[in-house]
Amino acid sequence: MGISVSASAGVVFLGVFLAVGIVYPAAANGFEQVSDARHDAADRALAQANTDVTVTNATYNTTTGTLVVNATNDGTTTVDVSDTTLLVDNEIPAPADTTVAVEGDTGTDVWLPGETARFEVDLASAPNRTQVVVDHGVRDASDVVEVN
């Protein structure tokens, strides 16, 4: 064997070494991102399974034009009030017409497990149905009862 065969083998091994050095970090980074995404999806699924809300009652006072919806956080996770949406006949009421109080406190943004939130909305006419939607799409609905 001459020097050319040894030099060729050295060039080939150098090329393979460089190729592996380029491909390995890219592949490792891709696998790490997929693994992180799977962990995040599992965390979201667990949080969704631990979140629950129940609308205990929904009443519309025909004299005052006020809809009152009481909902209880029946899950084991804390819910942000700012991430909670009240739907009235499948529409979101104007924020200026809506008041939310958790256990009587309108200044809090934390809705702890076991606590009741009270939504008050000024409306021109009586709605048929309300729905409270919290984090992760967990929701509960109730028909509205009219009172005087």
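**Figure 1. Nonpolar surface patch of Val12, Val16, Val20 and Tyr24 in a predicted model**. These residues make a patch of about 410 Å²; patch members have over 30% relative accessible area and no salt bridge, and nonpolar side chains are joined within 5 Å. Areas come from the Shrake-Rupley method with a 1.4 Å probe. Val20 is found in helix H1 and is exposed, with a relative accessible area of 52% (exposed, over 50%; buried, under 20%; partly exposed, in between).

**Figure 2. Negative surface patch of Glu32, Asp36, Asp40 and Asp43**. Like charges are joined within 9 Å. Glu32 belongs to helix H1 (residues 3-49) (a DSSP run of H or I, at least four residues; strands are E, at least two). Glu32 is partly exposed at 48%.

**Figure 3. The largest nonpolar core, with 20 residues**. Core residues are buried and joined through side-chain atoms within 4.5 Å. Val69, Trp111 and Val132 have the most contacts inside this core. Strands S1 (53-61), S2 (66-73), S4 (85-88) and S7 (116-122) each supply at least two residues, and S1 gives the largest share, four.

**Figure 4. The two salt bridges of the structure**. A salt bridge has a side-chain nitrogen of Lys or Arg within 4 Å of a carboxyl oxygen of Asp or Glu. In the pair Glu120 and Arg118, the closest N and O atoms are 2.7 Å apart; in Arg129 and Asp143, they are 3.0 Å apart. Arg129 lies in strand S8 (residues 129-133) and Asp143 in strand S9 (residues 139-143), so this pair ties together parts 14 residues apart in sequence.

Residues are numbered from 1 along each chain as its sequence is written. Local features need pLDDT of at least 70 and side-chain atom pairs 80 or more, while totals for chains, interfaces and linings use all residues; side-chain values use heavy atoms, without hydrogens and water.

Note on methods:
Lys and Arg count as positive and Asp and Glu as negative; His and the chain ends are not counted. The place of a charge is taken as NZ of Lys, CZ of Arg, CG of Asp or CD of Glu. Buried means under 20% relative accessible area, exposed over 50%, partly exposed in between (1.4 Å probe, protein chains only).
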